[in-house]
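Student: I would like to learn how to read pockets and ring contacts in a model of this kind. Could we take the features in turn, with the general idea ahead of the particular case?

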Amino acid sequence: GYYEKAIELKADSHYIYRLADVFVKLRLYERAAKVMNDIKIKDKYFLKKQAELHVKNNNIPAAIKCIEKALLSNRNNVELWTILASYHRQDYDLNKAYSAITTALSADPDDTRASLEYARIRKAQGRIKDYQVNLNNVLNGLKNKYRENVNFE
């Protein structure tokens, strides 16, 4: 109720996103989508949020379209390519998932989330040994980053 009142006073996108989150938690996906339509600026963040709503509502093809639209103006965004790969994997289109994740990794080979998604795609393709090797690399990379950030005194 407070978010709705805040939106009536000032249609700030922050309040609209938070209200959409509340509706998602209540599993009122249509109301969340309706609230999202009040946002005036349809930027990358909006499209990512809209894609999340579609996934929660089991409409993965619509989520893929949202991320592809976001990629039109953000071609080198590793996060968007990784999300697209994940959605294609969830939609059982492993060729497109593999293509998207290789694009993400070519932009940033050290991205942990992209590397993890790459491992998941390899597992979905039935390449268990590659999955295990990639997952081991991700875990070792995280351990090394942790060790670098720990201050030994």
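Student: Which element gives the most to the lining of the second largest pocket?

Tutor: Please keep in mind that this is a predicted model. A pocket can be read by asking which elements supply its lining, and here H9 gives the most to the lining of the second largest pocket, with 6 residues. Helix H9 (128–149) and H8 are the elements that give two or more residues to that lining. The second largest pocket, with a volume of about 200 Å³, is lined by 13 residues, and those nearest its centre are Asp 110, Ser 115, Asn 137, Val 138 and Gly 141. By class, its lining has 5 nonpolar, 5 polar and 3 charged residues.

Student: What is the volume of the largest pocket, and which residues lie closest to its centre?

Tutor: The largest pocket holds about 250 Å³ of space, and among its 13 lining residues Glu 79, Thr 82, Ile 83, Ser 86 and Arg 113 are the closest to the centre. Helix H6 (78–90) and H8 each supply at least two residues of this lining, with H6 giving the most, namely 8 residues. Sorted by class, the lining of the largest pocket has 6 charged, 4 nonpolar and 3 polar residues.

Student: How many aromatic pairs does a search of the whole structure find?

Tutor: Two rings are read as a pair if their centres lie within 6.5 Å, and the angle between the planes then sets the class. The search finds 2 aromatic pairs. Tyr 17 and Tyr 45 form an edge-to-face pair, at 4.6 Å centre to centre and with 90 degrees between the planes. Because Tyr 17 lies in helix H2 (residues 13–25) and Tyr 45 in helix H4 (residues 44–56), this pair ties together parts that are 28 residues apart in sequence. Tyr 17 is buried, at 8% relative accessible area, whereas Tyr 45 is partly exposed, at 43%.

Tutor: Tyr 98 and Tyr 118 form a tilted pair, with 6.1 Å centre to centre and 40 degrees between the planes. Tyr 98 belongs to helix H7 (residues 94–107) and Tyr 118 to helix H8 (residues 112–124), so the pair ties together parts that are 20 residues apart in sequence. Tyr 98 is partly exposed, with a relative accessible area of 30%, while Tyr 118 is buried, at 18%.

Student: Which residue lies over the face of Phe 46?

Tutor: A ring may also be read for a charge set over its face, and in this model Lys 42 lies over the face of Phe 46, at 4.7 Å from the ring centre.

Definitions and conventions: Residues are numbered from 1 along each chain as its sequence is written. This is a predicted model: local features need pLDDT of at least 70, side-chain atom pairs count only at pLDDT 80 or more; totals for chains, interfaces and linings use all residues. Side-chain values use heavy atoms; hydrogens and water are left out. Rings of Phe, Tyr and Trp (its six-membered ring) pair if their centres lie within 6.5 Å; planes under 30 degrees apart count as stacked, over 60 as edge-to-face and the rest as tilted. Helices (H or I, at least four residues) and strands (E, at least two) are DSSP runs, numbered from the N terminus. Buried means under 20% relative accessible area, exposed over 50%, partly exposed in between (1.4 Å probe, protein chains only). A charge sits over a ring if NZ of Lys or CZ of Arg is within 6 Å of the ring centre and within 35 degrees of the ring normal. On a 1 Å grid over the protein atoms alone, a cavity is a set of points where a 1.4 Å probe fits but cannot get out, and a pocket is an open set with protein on both sides within 12 Å along at least five of seven lines; lining residues have an atom within 4 Å of a point. Grid points are joined across faces, edges and corners, and a volume is the space filled by probe spheres set on the points. Ala, Val, Leu, Ile, Met, Phe, Trp, Tyr, Cys and Pro count as nonpolar, Asp, Glu, Lys and Arg as charged, and the others, Gly among them, as polar.
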